Amino acid sequence: MLRGIFRTKNLDDILAAAQEEGHKLKRTLGPINITLLGIGAIIGAGIFATVGTAAAGDASRPGAGPSLMLSFVITAVVCTFTALCYAEMAAMVPISGSAYTYSYATLGELVAWIIGWDLMLEYAIGNVAVAISWAGYFNELLASFHIALPDWLVNNYRTATPEILAGAPHPFGHAIIFNAPAFGIVALITIILVWGIKESAEFNAVMVMVKIVVLLFFIGLMLYYVSPAKMDASWHPFQPFGWKGTFAGAAVVFFAYIGFDAVSTVAEETKNPARDLPIGIIASLIICTILYIAVAAVFTGAVSFDVLRTWSKADLDRSLSVALTHVAPQARWQGGVIAFGSVVAHTAVLLVFQLGQPRIFFSMARDGLLPPVFAKVHPKFKTPHVTTILTGVIVAGFAAFMSIDEMVDLTNIGTLFAFVLVCVGIIILRYKESDRHRPFRVPFGAWPLPLLGAVSCVFLMYYLPPTSWWRFVAWLLLGLAVYLSYSYSKSEIGKKIGRAQITAPWLMLMALGSFLLAIGLLTIPHDVPFGILFDKVRTEYTVLFEEPGGAQIMIGVGFIALGLVSALAGLIIGFAQRKKPESA
């Protein structure tokens, strides 16, 4: 059967692999660069776009109201648990790859593959959402200069209205609609990242300084236009929906913090990772938390909870700009500055996350889990140019045609799952590699803080909508199909323990089954609980095709059934051959 799927990679082997000629990245980053990269990733779409929703709530969750300040504190504490774990891992395993590399050293090959595949949700798919959001703020900035792009160049098919469809060009009888700004910014960021990491870090440092100044500018404007008495009145009641609203707000704003883990992906390009990575991760988290609490305080003080509840979804998505307009309609040029800051913030997040994803591909290819071409380093720029360009093409393509809502949920659950594995990995490594030198240690021993980090992340995952879980499981199944059909037989560890280098037919059957299961889960409706769905198929299958969405349910169930049969057949054949050589 499957041999060595939980075999871990020795830490010394991981460190040695990074020094191989042709696979070595240039070390140019110091603690200030790392801190700025962290701030660049953390302060972005979250503070500019989700603060309104977290405070006001929506149909599926209560709002935090003024207790949004407390929500940020709660979220910062949760993130600190994980940040400390990342800092210990990154200092001890200063290798490109983030949670993927850490999982390989602690939990084994299969789990490492799962987390590497899962991290695509955080970096690549998450960046699709950021690029789309960036395009919206960029269009708002252009509008402040009385510049308007055609509607068909700033929308996508899924959200385009009949008017936009009618006004679009129709070559060959089909409307052309795509998000040109979203595509363009990803293409520009990709070119910068291929050019070089040092140049990228300097570019990011400029953007970080700009957006910190803009956030401080917003705080100053609110304090100038809104009296202390007005703010004090708006802060009451502090918790309109009690602790439930505060915790719901914390779950929303959690995703404004997720960028700090992207810093660990540049470990191989850091001059002194044992010292600089912990400093950069924790310092960026502290600085961002202080800014977030200050913004939340003036935002909820300037706009009362009752007013927030009347805002539209579009207003909540650009809440800082709308808040300024609410308290000072005459402050037009100041509003333009806030819009500019939002564009810069989004650009910085795009930079750091586009920096992270190629390096995870790079690490996986170096371990044989992806084709060798993914591990190539540019001879002149010393950057992983193949994976950088591939990531850019994927993100730009999706950003041009997808809607933001379809991308967000996958990013959220994938990020939390990665955090859980890193926290668990710290506990395992403390016992498995107890004698290894640790330049930085999570305080209070192996269990308390890592366990709190894992549990708190699982807690937040529990409150994500069912759609997130359906798509997350489907995504993992797609990854399992790739692992079984390619990575299992090609991995470096597999070669060492004597696995066959040609994928066995029974493994291909299991991979096909995993693929069909994923397609089935993506096909069936996600707004119906699984129990109700199962009862419908079991009791009403004869009339289900006549109901709205019935055909979709039956097609999805059909794929799932075929997938189960294929996977079971492969499993049976594999068991039957377990005493034979894998190549048989």
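**Close-up views of a predicted model**

**View 1. Helix α3 passes helix α12 in a right-handed crossing.** A crossing is right-handed if the near helix is turned clockwise from the far one by less than a right angle, and left-handed if anticlockwise. The model is predicted: local features need pLDDT of at least 70, side-chain atom pairs count only at pLDDT 80 or more, and totals for chains, interfaces and linings use all residues. Residues are numbered from 1 along each chain as its sequence is written, and side-chain values use heavy atoms, with hydrogens and water left out. Helices (H or I, at least four residues) and strands (E, at least two) are DSSP runs, numbered from the N terminus. The axes of α3 (residues 45–56) and α12 come within 11 Å and cross at roughly 55 degrees. Axes here are lines fitted to C-alpha atoms, for helices over the stretch in contact, and angles run from 0 to 180 degrees between N-to-C directions. The two helices α3 and α12 are therefore oblique to each other; angles under 35 degrees count as roughly parallel, over 145 as roughly antiparallel, 65 to 115 as roughly perpendicular and the rest as oblique. On the α3 side, Ile47, Val51, Gly52 and Ala55 meet Tyr292, Val295, Phe299 and Thr300 of α12, where contact means heavy atoms within 4.5 Å.

**View 2. Serine 319 lies in helix α15, residues 319–327.** Serine 319 is buried, with a relative accessible area of 0%. Buried means under 20% relative accessible area, exposed over 50%, and partly exposed in between (1.4 Å probe, protein chains only). Leaving out residues up to four places away in sequence, Serine 319 touches Phe48, Val51, Gly52, Tyr137, Phe299 and Trp311. Among these, Val51 and Gly52 belong to α3 and Phe299 to α12, in the contact of those two helices.

**View 3. Helices α8 and α16 make a right-handed crossing.** The axes of α8 (residues 180–195) and α16 (residues 332–366) come within 10 Å and cross at roughly 55 degrees. Helices α8 and α16 are therefore oblique to each other. From α8, the contact uses Ile185, Val186, Ile189, Thr190 and Leu193, and from α16, Thr347, Leu350, Leu351, Gln354 and Leu355.

**View 4. The protein has 20 aromatic pairs.** Rings of Phe, Tyr and Trp (its six-membered ring) pair if their centres lie within 6.5 Å; planes under 30 degrees apart count as stacked, over 60 as edge-to-face and the rest as tilted. One of the pairs joins phenylalanine 254 and phenylalanine 419 edge-to-face, at 5.9 Å centre to centre and 70 degrees between the planes. Phenylalanine 254 sits in the loop between α11 (242–253) and α12 (273–302) and phenylalanine 419 in helix α18 (residues 404–432), so the pair ties together parts that are 165 residues apart in sequence. Phenylalanine 254 is buried at 1% relative accessible area, and phenylalanine 419 is buried at 0%. Elsewhere, ring pairs link Trp113, Trp117, Trp475, Tyr483 and Tyr488 into a cluster.

**View 5. Tyrosine 486 lies in helix α20, residues 466–490.** At 25% relative accessibility, tyrosine 486 counts as partly exposed. Not counting residues up to four places away in sequence, tyrosine 486 touches Gly368, Leu369, Leu370, Pro371, Pro372 and Thr503. The C-alpha atoms of tyrosine 486 and glutamine 501 are separated by 9.4 Å, the two residues being 15 apart along the chain.
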